[in-house]
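Please read this briefing with the sequence and the structure side by side, and look up each residue as it is named. The points are grouped by topic, so that each part of the picture can be checked before moving on to the next.

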Amino acid sequence: MAILPFEKRIEELKEQIEVAKLKNDQPAVETLQKELKKEIEKTFSSLTPYQKLQLARHPDRPHSLDIINLIMEEKYELHGDRHFADDKAIVAFIGRIGGKEAVVIGEERGRDTKDKIKRNFGMPHPEGYRKALRIAKMAEKFKLPVLFLIDTAGAFPGIGAEERGQSEAIARNLFELSRLKVPTIAVVIGEGGSGGALALGVVDRFAMLKYSVFSVISPEGCAAILWGDNKKVESATKALKISAEELKKLGLIDDIIDEPKEGAHRDYQTTAQNIKNYFLQKLDELSALPLEQLLQQRFEKYLNYGEFKGK
Amino acid sequence: MGFTDFLKRFKKPQPKKQEPSSWIKCPACGAISFYKEVQKEFNTCPKCNYHFRIDAEERIKMLIDEGSFKEYDKELEPKDPLNFVDKKSYKKRIEEGYKKTGRKSAVISGEGRINGIPIQIVVFDFKFMGGSLGSVEGEKIVRAINRAIKKEQGLLIVSASGGARMQESTFSLLQMAKTASALASLAEHRLPYISLLTDPTYGGVSASFAFLGDIIIGEPGAMIGFAGPRVIKQTIGAELPEGFQRSEFLLKHGLIDMVVNRKELKKTISDLFAYLLKLPRNTPAHREGNSTDDSSPKG
Ligand SMILES: [Zn+2]
């Protein structure tokens, strides 16, 4: 498991506890465990925006497929946009979550090197967004709710992506999802990179895992452009206000889904359970609304975003 | 998505207003022409048809019947909700943009007639913070859409933008969803939206309302795309093909309906609105401004 700089002390304590246990030194074990508890509390209650970004990008963080495997008790994978290809940066499943028929569409970064390349590191091409839309429209036809799992550095910037209309594909998703006639819920599970994330995120309820991020541009890109200095990533992260907590305070997301104490990468099971509970709870609330009201609420939510002076 | 990085690279000379007698050199073919002559040709190069960038006021003058334009929502100003400071503060950048353009927003929006047809129009001005999309710009677009619905008119948006405004971060990102939602409502009312893409149109603007037009028109040679060329080059580590991301390239790849010379834009757009709105040629609204020729509709 990869260890982040601010996790180092916690890891050291855990190792010392193992050693003390081997030595059968019970008093030492107890002292160290107390210290460990305090250290975890201290570290995770005072994370900086940059540390949260590191957690959001943690190599061991659960991906869409990990979550899907844990929340869907029955499932079949669906493929392709019916026009050009099956973009593997987007995964889609039909099946059941907690007994409810549902469709789940997620961005998948891939786990090992081969898988990452196959999935283009989770950066979709236009055919990926069109695959997502095709399957969302199918869900609409059969009145199935849709859960979107967002986890991408952004839509892929490449020649083919431009030739096939990356802009149009994202724009079309925003347009169509804004009035999709079924309850829709999105959860940012890791990185929510710009338009490439928003293309799966025009929904009735938009939530973020506690240590995920959602931003208009990567802090690296922002640092390079606005500061003219690649090393100003920490400053850019802070200025952009991209953490779940900051965005909730600004009123730009609906909910925060809690993570296990030391982050989602330490406990997939609990993370997935929290997402599942959130989905089922929100689905209950949204399903109770007449369709007209559901769509009107979604419409008004998006029309209200923005801060300006003057009437 | 605020791909303003390439803006510096693609900074192009604009004909200077204050020196009507001066010469101007075309950055495409190198020809030196009288500014007056360039201006007469709608700010294009008389030798090679290179289209100089023009600001929002000139664009409105060129497209909207004289004396018919009424601006709306001019009083909307950015709020700086994040107190954003990079090398400069956002507030300072707004002031600088104001000095350059006399406005605190990257768009002018309002109502006017195009060859007699009343429409709602939104025009981006690249000179104000690279035409970036912030809360004010998004709100102005939504209000123009609402007026179009109320008055049963068509909508024209002229884009010229580097993308989302980073200084408004997620507020700016969500303007993409906001404008797209409003356009979905316009579409439900079956009112036409024509999107004119000019140099440059990128990022959050191109990936939202700019590519949602019922008809999408590009100006010759305009750079249009999702990601900026430099970002793409860095990502793929290879050279970009000749003409990549220009209007003509997008036309070839089926992404826009037509590439139209600036001098033909007004007639083309007004004709298209007339077809989409089924306005008979003899209605007073259409006739009054369309006296220049009596050619029958094409197509
Ligand atoms: Zn020329």
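In this predicted model, the largest nonpolar core has 154 residues. The residues with the most contacts inside this core are I105(A), L174(A) and V187(A) from chain A, together with L155(B), A180(B) and L183(B) from chain B. Helix α6 of chain B, which covers residues 169-188, gives the most to this core, with 10 residues. As a general background, nonpolar side chains tend to be buried together in soluble globular proteins.

- Leaving out residues up to four places away in sequence, L155(B) touches I119(B), Q120(B), A144(B), I145(B), A148(B), L186(B), L191(B) and Y193(B).
- S159(B) lies in strand β7 of chain B, which covers residues 154-161.
- Why does S159(B) count as buried? S159(B) counts as buried because it has 29 C-beta neighbours inside 10 Å, and the cut-off for a buried residue is 20 or more.
- When neighbours within four places in sequence are set aside, the contacts of S159(B) are F124(B), S195(B), L197(B), T198(B), T201(B), V205(B) and A210(B).
- M129(B) is 30 residues from S159(B) in sequence, and the two are 14 Å apart in space, taken from C-alpha to C-alpha.

**The open sheet of chain B**

- In chain B, 7 strands form an open sheet with mixed pairing, and their order is β3-β5-β6-β7-β8-β9-β10.
- Strands β3 (70-72) and β10 (258-259) of chain B stand at the edges, and because each has a single partner strand, one side of each is left without a neighbour in the sheet.
- β3(B) pairs with strand β5 of chain B, residues 107-114, in the antiparallel sense and over 3 bridges, and the bridge partner of K70(B) in β5(B) is E111(B).
- Strands of a sheet pair through backbone hydrogen bonds, and they may do so either parallel or antiparallel.

**Helices and domains of chain A**

- Chain A is divided into domain 1 (5-46) and domain 2 (52-303), and 35 Å separate the centres of these two domains, taken over C-alpha atoms.
- Helix α3 of chain A (residues 49-56) is largely enclosed by the rest of the structure, because 6 of its 8 residues are buried.
- The buried residues of α3(A) are P49(A), Q51(A), K52(A), L53(A), L55(A) and A56(A), and they pack against β5 (184-193), β7, α10 and α11 of chain A.
- In helix α10 of chain A (residues 219-227), the buried residues are P219(A), G221(A), C222(A), A223(A), I225(A) and L226(A).
- G228(A) follows α10(A), and the phi of G228(A) is positive, near 60°.

**Where the chains meet**

- How many residues does the contact take from each chain? The contact takes 44 residues from chain A and 55 residues from chain B.
- On the side of chain A that touches chain B, the elements that give two or more residues include α7 (159-163), α9 (194-198), α11 (233-240) and α14 (291-303), while α8(A) gives the most, with 7 residues.
- The residues on this side of chain A divide into 26 nonpolar, 11 polar and 7 charged.
- β9(A) and strand β4 of chain B (residues 77-78) run antiparallel and are joined by 2 bridges, with F308(A) standing opposite P78(B) in β4(B).

Definitions and conventions:
Residues are numbered from 1 along each chain as its sequence is written. Chains are lettered from A and ligands numbered from 1 in the order in which they are written. This is a predicted model: local features need pLDDT of at least 70, side-chain atom pairs count only at pLDDT 80 or more; totals for chains, interfaces and linings use all residues. A residue is buried if 20 or more other C-beta atoms lie within 10 Å of its own, exposed if 12 or fewer, and partly exposed in between; C-beta atoms are placed from the backbone. Helices (H or I, at least four residues) and strands (E, at least two) are DSSP runs, numbered from the N terminus. Two residues are in contact if their C-beta atoms, placed from the backbone, lie within 7 Å. Domain bounds come from an automatic or database domain assignment. Ala, Val, Leu, Ile, Met, Phe, Trp, Tyr, Cys and Pro count as nonpolar, Asp, Glu, Lys and Arg as charged, and the others, Gly among them, as polar. Two strands pair if DSSP finds at least two bridges between them. A nonpolar core is a set of buried Ala, Val, Leu, Ile, Met, Phe, Trp, Tyr and Cys residues joined through C-beta atoms within 7 Å.
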